[in-house]
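Subject: Structure handover

Hi,

Here is the structure I promised to pass on. Please load it first, then read the notes under it.

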Amino acid sequence: MAFTRATGKHRARSRMTRRGANMAKVATLTAAGVIGSLGSPALAADAEAAVAQDAAPAAAPAPVIVIDGSLAATIDAQADAQHLAARKAEAEAKAEAKRKAEAKRKAEARAKEAREAEERAARAAERKRLASFQLPVAGSPVTTGYRTGGALWSSGSHSGVDFRAASGTSVVAVGAGTVVEAGWGGAYGNNVVIRMNDGTFTQYGHLSSIGVSVGQSVTPGARIGLSGSTGNSTGPHLHFEARTTAEYGSDIDPVAYLRAHGVAV
C-alpha cells in the first residue's frame, strides 16, 4: 500500500530548514564583509548567534521622566521660599532673643539703680538721723534755767538746766556719741557723760538708774537711764549740761546748745 505524506500550511519548518535559512543569512553577511570567513565552526556559531540576536525583538526602553521648564521653575521657587522662610524665622528668633536680653539688661539696670537710690537715701537718712538732736526728756519743759543763782549750787549758780521728769521717766541721749562716764558723780548722783560726735560733751544727772556703760556708742534718742533724785537734789528731775570737755566747769548754755542743733526748747 502506498502512503501519501501529509502536508499542511501550518506545519512548522524543520530544524534543518531553520538552520539552513540562518546559514544563508550568515553567508550574506560574509559576502558583505561583516563576517570574514565561515571556515571556523566557532565563528560560524557566533555569527549564527548574532543573527539570532538580531532577529530577536528589541527590549522596550526604560521610561524617562521629563520635567518641563515651568515645573522646574515652580520647584525652585518653592525651595527658595522655604529657604527664605527658614532664614526669616531664624532672624526673627535671634531678634526676639536679643530684644529679651536687652529688656532684661535694662530691667536689671533699673533695679540696680533703684536699689542704689534706696541705699543712698537710707544712708542720707541715717546720716541725718545721727546728726540730729532732740530733747533729753520728750516734751518736758525747762524748770530751772542756766546760770540761775542760789545756795543750792556750790559754784553759786546753776551749771546746767533742769527738765521736769517724774522718777522713772526715760532719759535719752540728745545726739550721737560715745559714753565716757557712767556711774556715781557726787553731787550729780547717778550720772552719764557722753562725748558727742561733734566733739562737745553732754551730761545727765540725778538718774535713778543707768542703762549704758563706758565705751558704748549711742544714737539720738537712745535711752541711757531713768530720771530720779539721786545726789544733791530736791526732787525728781533731770539735770542736763552741755560742756566743751568732760570736766566740770567747762559748761556752756544748754538751751543755746540744743537750739543750735535744731531742737526747739
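**Overall**

Keep in mind that this is a predicted model. The chain has 265 residues, and 25% of them are buried. It has four helices and 10 strands. Reading from the N terminus, the order is α-α-α-β-β-β-β-β-β-β-β-β-β-α. Take the contacts between residues at least 6 apart in sequence: 57% of them join residues at least 24 apart.

Start with strand 9, which covers residues 237-243. How many of its seven residues are buried? Seven of the seven are, so strand 9 is largely enclosed by the rest of the structure. The burial holds on both faces. H237, H239, E241 and R243 are on one side. L238, F240 and A242 are on the other. As background, side chains in a regular strand alternate between the two faces of the sheet.

Strand 9 pairs with several other strands:

- Strand 2 (161-164) runs antiparallel to strand 9, and four bridges join the two. V161 stands opposite F240, and F163 has L238 as its bridge partner.
- Strand 6 (201-210) is also antiparallel to strand 9, with five bridges between them. Here G205 is partnered with H239.
- Strand 10 (residues 251-252) pairs with strand 9 over two bridges, again in the antiparallel sense. R243 has D251 as its bridge partner.

Strand 2 has a further link. Two bridges join it to strand 1, and the two run antiparallel. In that pairing T144 stands opposite D162.

**The core**

The largest nonpolar core has 25 residues. Which of them touch the most other members? They are V192, I194, Y204, I224 and L258. Several elements each supply at least two residues of this core: strand 2, strand 5 (190-196), strand 6, strand 9 and helix 4 (254-260). In general, nonpolar side chains in soluble globular proteins tend to be buried together.

Leaving out residues up to four places away in sequence, I224 touches V171, V172, A173, V192, I194, Y204, I210, G211, V212 and V218. Among them are V192, I194 and Y204, which are also on the list of residues that touch the most other core members.

**The pocket**

The largest pocket holds about 430 Å³ of space. Its lining has 21 residues, and L152, W153, H158, H206 and N232 lie nearest its centre. What is the make-up of the lining by class? There are 14 polar, five nonpolar and two charged residues. Strand 1 (142-144) and strand 9 each supply at least two residues of the lining. Strand 9 gives the most, with three.

**Single residues to check**

Two residues have a backbone angle to look at. Most residues other than glycine have a negative phi.

R147 goes against this, with a positive phi of about 70°. R147 sits in the loop between strand 1 and strand 2. Its relative accessibility is 47%, so R147 counts as partly exposed.

H206 also has a positive phi, near 70°. H206 is found in strand 6. Is H206 buried or exposed? It is buried, because its relative accessible area is 4%, under the 20% cut-off. H206 is also one of the residues nearest the centre of the largest pocket.

T148 is in the loop between strand 1 and strand 2 as well. At 30% relative accessibility, T148 counts as partly exposed. Not counting residues up to four places away in sequence, T148 touches W153, G156, S157 and H158. W153 and H158 are both on the list of residues nearest the pocket centre. T148 and S159 are 11 residues apart along the chain, and 8.1 Å separates their C-alpha atoms.

**Recap**

Best wishes

Technical notes:
Residues numbered from 1 in each chain as written. Predicted model: local features only at pLDDT ≥ 70, side-chain atom pairs only at ≥ 80, totals over all residues. Heavy atoms only, no water. Core = buried A, V, L, I, M, F, W, Y, C linked by side-chain atoms within 4.5 Å. Buried < 20%, exposed > 50% of the residue type's maximum accessible area, 1.4 Å probe, protein only. Contact = heavy atoms within 4.5 Å. 1 Å grid on protein atoms, 1.4 Å probe; cavity = no way out; pocket = protein on both sides within 12 Å on 5 of 7 lines; lining within 4 Å. Points joined across faces, edges and corners; volume = space filled by probe spheres on them. Nonpolar A, V, L, I, M, F, W, Y, C, P; charged D, E, K, R; others polar. Pairing = 2+ DSSP bridges.
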